[in-house]
Amino acid sequence: MNRKNNRKGVTGKISRRTLLGGIIAAAVLPVNKLFAGALQADEKLLHDLDDPTKLPGPGPSPLGKRSVFEQPVRKPSDISSRTPLQDLHSAITPADLHFERHHAGVPAIDPAKHELLIHGLVERPMKFSLADLKRFPAVTRTCFIECAGNFRTGKEEMTPQDILGLTSQSEWTGVMLSTLFNEVGIDVKAKWFLAEGSDAAVMTRTIPLAKAWDDAMIVYAQNGEAIRPEQGYPIRLLLPGFEGNMNIKWLRRIELSEEPYMTREETSKYTYPVKDKIRMFSFEMDARSIITHPVYPEKVSKGFIEIRGIGWSGRGKVQKVEVSTDGGKNWQLANLQEPVLSKAHTYFRYLWEWDGNETEILSRVTDETGYLQPTLKQLVEARGPNIGGYHMNPITAWKVKNDGSVWFKPENYTNK
Amino acid sequence: MALAFPISLLLCSLGGRFEPSQAQGDLQDTSKRFRKFGFGRTATAKEITAWDIDIRPDGKGLPAGQGDVKKGRLLYAAKCAVCHGVNGTETPGVKLPGTALVGDTSAKARPKTIGNYWPYATTLFDYIRRSMPYNLPGSLSDNEVYSLSAYLLNANKIIKADVILNAQNLAQIVMPAKKLFVMDDRKGGPEIK
């Protein structure tokens, strides 16, 4: 469906209520002429929306909506839903498009009854209500959360959402975990803490105590408003740069301990073969990038094309993103959108003049530790042929064909 | 001109209050603050016991009680088989809602099951008790969880059929896959790991 047809299709569905809203809004204005004009809005006018200057629109409303012409959606499966990265124009993910992954559905939690318990190796075990948490000095931080199992391949007809839509970015607000740990007093013997959710999976993960003294937070707001139920309402743990699963949602309990708990999610899941061994406790998400425009199923024309995308690293700031427009032979620096934040999706752009010949376009990121995003081949060489689906961050290539069509370039690799 | 007077008055009245001081600087840096805010309350022992259901590999947290393979087999048929299959094994061509639990127990065999992939037996008790069965999590008694753990460990050839499982012997079990697990050694920098 092309843009024009799409527009007409949507126009036909604009509800009578939306239009009547406009008429009513016009009716309360003390402008008789306008009122009269609106009343004359007959069936012909209801369908004649090509000229928005000829009919007053609806008035103010309590809750805004997207334009009927814009319909970005997550892509749900049985266990997750993916962010439409190709539909976004900057690094923040609208809260209703933030990816989801949960293990027993989204719980309904009454914020007035929800409490956070901190106990174990502490001087004083304590419970905090949501109101208590909001009284502590608050901090706001923008960072990404990425699922450790964020890698799909296999066919040309894949969008960024299909390949790695399990990464999203928000501006989170809450209290530093270190503030709460000062409040309860941490025993010097404590080296780890268990975080537990209040969902039907009663999800648990063990986290090194050092993360709490570094940058861990308990957050209650996302992009300025209360966090969404799918993101852990009323509170979640935020561990910037760590794999998504550890950022426990619907958080109800933290227990300080000398040793890890070896929960199901940190042993039988979120672990992966590395040659003859199984690697566990992989916390940081390594640096990764992807071009989000132009991508499948877009069609481009000869001439100037601004290549756009995102780069990020769980270990700090993006140092640079390079783009290749000749299948990886030559690489040029892309412009990074300021501000470049630590452990955050960083938007990049590179102006390309396409000569109309078939080629491949790719991006690769380098983070501030000097880590350069690897190829799939390099990852397989480092980890062995039984490489699993966790912590995969290979360079993604897109094929641009002579007719301007853009396709994902899936690469074969041995799995299972 | 009419506005100038109230504004200057405002500035004067606020000048003293918002002057930055060393004390306020310390208050802003919460990471360096060791005084208590006094928000929140002490948790009671009863509240802690109600939620403290985790179990560590050293057995800390395992409750009193016991279970056996025979009882576990019956419980499995009644409450688990509907999602994990009659024997808990992977059936080619059949997609079950639950993962395979029983399989080839030699390490590195696939599919990943309790016998060839789970490094700690305590995790089995912890996970079943907190989140299974999927449609009624938290509904099993401690004895039932011991029995189900015994059945699944026996089906995976980890323990014998006559073992009565309890807090003491569950923590003693050494799983075959434990020797395969290594801590992550990625650390950033130029090396691909």
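Start by selecting Val145(B), Tyr146(B), Ser147(B), Leu148(B), Ser149(B), Ala150(B), Tyr151(B), Leu152(B), Leu153(B), Asn154(B) and Ala155(B): these are the buried residues of H8(B). Buried here means that 20 or more other C-beta atoms lie within 10 Å of the residue's own (12 or fewer makes it exposed, anything in between partly exposed), with C-beta atoms placed from the backbone. Helices are DSSP runs of H or I with at least four residues, strands are runs of E with at least two, and both are numbered from the N terminus.

A quick word on the model: it is predicted, local features need pLDDT of at least 70, side-chain atom pairs count only at pLDDT 80 or more, and totals for chains, interfaces and linings use all residues. Residues are numbered from 1 along each chain as its sequence is written, while chains are lettered from A and ligands numbered from 1 in the order in which they are written.

Now widen the selection to the whole of H8(B), residues 142-155. Eleven of its 14 residues are buried, so H8(B) is largely enclosed by the rest of the structure. Its cover includes S2 (66-68), H4 (69-79), H6 (114-117), H7, S3 (164-166) and H9 (167-172) of chain B.

Next, pick H7(B), residues 121-131. Ten of its eleven residues are buried, so H7(B) too is largely enclosed by the rest of the structure. Those buried residues pack against H6, H8 and H9 of chain B.

Where do the chains meet? The contact takes 42 residues from chain B and 50 from chain A, where two residues count as in contact if their C-beta atoms, placed from the backbone, lie within 7 Å. On the chain B side, H7(B) gives the largest share, five residues.

Still at the contact, select S5(A), residues 126-129, and S1(B): they run antiparallel, joined by two bridges. Strands pair if DSSP finds at least two bridges between them. Click on Met126(A) and you'll find Thr42(B) of S1(B) opposite.

Last stop: show S14(A), S15(A) and S4(B), in that order an open, three-stranded sheet with mixed pairing. S14(A) and S4(B) are the edge strands, each pairing on one side only. Three bridges join S14(A) to S15(A), residues 277-280, and these two run antiparallel. To see one of the pairs, select Tyr272(A) and its bridge partner Arg279(A).

Key
The expected span of a helix is 1.5 Å times one less than its number of residues.
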